[in-house]
Amino acid sequence: QMQPLVRRWPLVVLVAAVLALAGLAVLLGTRLLDDDPPPPASVPEWAARVCGAQNTFVQALIDSRDNRDPQSLELDARKQRAAALGRAEIAAAQTLERELRAFTPPEAARAYHEALIAQAQETARFVQEQIDAIAKATAPQQIAVANAQARFQQQGAERVVVSQLHRSPGPVFGIDQRPSGRGDQRPAKRA
């Protein structure tokens, strides 16, 4: 009688493992279902968080500057400086994207919010392309061309944000006459 049990032990272990995995899947599935996404932020809360994220981005760029005149540097030193500044800008853009993805925007600002995320992604991509072009440069003029090309691409990405802003309904403001007769800037009711 011992012999059939010995032959079946791999099957018993397999069944136990499958049951354990099924229990784990049920537990994880229940846990994932319990994690509802956070509700959308209110417009003032969203605006404050976006401004905070953008301030963090700008401060990171300001902190990365070294106040050295690139014209006074040799080509290799200019390349190293450009790579260091570029890595700092990429890190700042990735942090901005991460901070923007950390909360849900109000429906009225969704298109603009997504455009800001896309702009942060594009900034990181364009800066990486700029770093790569500068690393290949064999003359200072090639660095100037790489900088101009990156600036042109980034300005194009910023135009995408503006076009998204025009597509987004956003809050509508108008003049609301109060009973006191005093005009006041308040959100107007949509027709």
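**Figure 1. Asn67, in the loop between α2 and α3.** This is a predicted model, where local features need pLDDT of at least 70, side-chain atom pairs count only at pLDDT 80 or more, and totals for chains, interfaces and linings use all residues. Residues are numbered from 1 along each chain as its sequence is written, and side-chain values use heavy atoms, with hydrogens and water left out. Asn67 isn't a glycine, yet its phi is positive, at about 60°. (Exposed means over 50% relative accessible area, buried means under 20%, and partly exposed is in between, using a 1.4 Å probe and protein chains only.)

**Figure 2. The whole chain, for orientation.** Here you'll find 5 helices and 2 strands. Helices (H or I, at least four residues) and strands (E, at least two) are DSSP runs, numbered from the N terminus. Starting at that end, the order is α-α-α-α-α-β-β. The protein chain has 191 residues, and 26% of them count as buried. Now take the contacts (heavy atoms within 4.5 Å) between residues at least 6 apart in sequence: 63% of these join residues at least 24 apart.

Figure 3. Helix α2 covers residues 43-64, which makes 22 residues. (The expected span is 1.5 Å times one less than the number of residues.) The buried residues of α2 are Trp46, Val50, Ala53, Phe57, Leu61 and Ser64. Look down the axis of α2 and these buried residues fall within an arc of 80°, so they line one face of the helix. (That arc is taken from the directions from the helix axis to the C-beta atoms.) They pack against α3 (75-101) and α4 (110-136). Over on the other side of α2, you'll see Pro44, Ala48, Asn55, Ile62 and Asp63 exposed.

**Figure 4. Ala109, in the loop between α3 and α4.** Is Ala109 buried or exposed? Ala109 is buried, with a relative accessible area of 9%. Ala109 and Val43 are 66 residues apart in sequence, but their C-alpha atoms are 7.8 Å apart in space.

**Figure 5. The largest pocket.** Its volume is about 450 Å³. Among its 17 lining residues, the closest to the centre are Arg65, Ala82, Leu85, Gln130 and Asn147. Two or more lining residues come from each of α3, α4 and α5 (140-167), and α3 gives the most, with 6 residues. Sorted by class, the lining has 8 nonpolar, 4 polar and 5 charged residues. (Nonpolar covers Ala, Val, Leu, Ile, Met, Phe, Trp, Tyr, Cys and Pro; charged covers Asp, Glu, Lys and Arg; the others, Gly among them, are polar.) A pocket is an open set of points on a 1 Å grid over the protein atoms alone, where a 1.4 Å probe fits, with protein on both sides within 12 Å along at least five of seven lines; lining residues have an atom within 4 Å of a point. Points are joined across faces, edges and corners, and the volume is the space filled by probe spheres set on them.

**Figure 6. Gln130, in helix α4.** Gln130 is buried, with a relative accessible area of 18%. Which residues does Gln130 contact, leaving aside its neighbours within four places in sequence? They are Ala146, Asn147 and Ala150. Ala148 is 18 residues from Gln130 in sequence, and 9.4 Å away in space, C-alpha to C-alpha.
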